[in-house]
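Please read these notes alongside the sequence and the coordinates.

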Amino acid sequence: MSSDALLAASVSGDRLELSAAGDWTADRANDLERLVMAVAIPPKSPIKVVRVDMAAVAKLDTYGAWLLERLLRGAREQGAATDVVNLPDRFRTLVETVHQTTELPDPERLRRTSVLDWLATVGENIAEVGRSAALFVQMLGALSFAFLRIFWRPRTFRFTSLVNQIDLVGWRAVPIILLITFLIGAILAQQGIFHFRRFGADVFVVDMVGILVLREVGVLIVCIMVAGRSGSAYTAELGSMKMREEIDALQTMGFDPISVLVLPRILALVIAVPMLTFLGEMSALYGAGLVASLYGGIQPEVFLQRLREVISLNHFMVGMVKAPFMAMVIGIVACVRGLETKGSAESLGAQTTAAVVQAIFLVIVLDGIFAVFFAAIDK
């Protein structure tokens, strides 16, 4: 069989019969372009049916499949029905893939009202929320069983992994936590002094900053930073292990991935986040006191005296009680998203983004729930 690209045409009434032969590959581009252009249906042509016989084609690559698709699409645009016959099985997947990836949107679909599409999107999102909630509950249950196993057999717990994770998410996070909370405290104090000064109530900025930092802002900022820093790292680590089938290998060797990989990370967050919260709150108060002294003229002795008068132990405990619960939420969401990663880099990126967004959202929701709870018990 000749390797030259061929495309014979014969017209029978309103039917155009095309017989392709030879190599339909990129190295025959010039010949193929000329052949396809020669059989293109002109406007207002009486041709109603175009039939392409591909039995004699010896080779076909993406370029040839794209030319075939262009030929058929041009015929359809002129109102002709198209049909491809005798296509060798070895070329069928390539031709179908090119057709699907280059298919134009249906004009009727574009003209259709978007209300149903919007409702379908809402339904899909609600289903995804339900699925995420189910995965969260499943992980919480698996962690509970893993913790009970460790409690029953303490020697099986990977204490070295716990210490390593505390170092990664706790100790190494201290500089950035101190810096961010210091700036937040300084900004709160500056804005408070700027507005309170109009009423001659500069000193009340101490009340505002102290209560906000200890009850709400301190723990919230720290947990958001941890979600972006450590939560994303957890998702990326577990997702990479899932992609490389390391988790499957652990299961094959008889290890429980929840006990080996997830539990030490969750416990590390539960231990580290309260400590980071305390350091962050002290840093924010220091930043507020520095700004109050330099910008507001409030001496450090006055600042500390006022802080002792308006701040009670309850304010401090409210913020600290939230920290371990928020840490658990961040860790569970991050690990669930990591274990949901599929075998592609795109999936890993999407799951990492989802982990950070969901963790921050749930942290804020949890903070609101705690605020309502403590208000209800007058704390």
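The points below concern a predicted model.

1. The sheet is open and has four strands, ordered β1-β2-β3-β4, with mixed pairing. From one strand to the next, the twist averages 15 degrees.

2. Helix α2, residues 62-77, packs on this sheet and touches β1, β2, β3 (49-60) and β4. The direction of α2 makes about 175 degrees with that of β3.

3. In which sense do β1 and β2 pair? The pairing of β1 (residues 6-12) with β2 (residues 15-24) is antiparallel and runs over seven bridges. In general, the strands of a sheet pair through backbone hydrogen bonds, in either a parallel or an antiparallel sense.

4. The hairpin made by β1 and β2 has two residues between the strands. In this hairpin, G13 takes a positive phi near 65 degrees.

5. Elsewhere in the chain, S347 lies in helix α13, which spans residues 345-376. Is S347 buried or exposed? Its relative accessible area is 13%, and the cut-off for buried is under 20%, so S347 counts as buried. Leaving aside residues up to four places away in sequence, S347 touches T341 and K342.

Key
Residues are numbered from 1 along each chain as its sequence is written. This is a predicted model: local features need pLDDT of at least 70, side-chain atom pairs count only at pLDDT 80 or more; totals for chains, interfaces and linings use all residues. Side-chain values use heavy atoms; hydrogens and water are left out. Two strands pair if DSSP finds at least two bridges between them. Buried means under 20% relative accessible area, exposed over 50%, partly exposed in between (1.4 Å probe, protein chains only). Contact means heavy atoms within 4.5 Å. Axes are lines fitted to C-alpha atoms, for helices over the stretch in contact, and angles run from 0 to 180 degrees between N-to-C directions.
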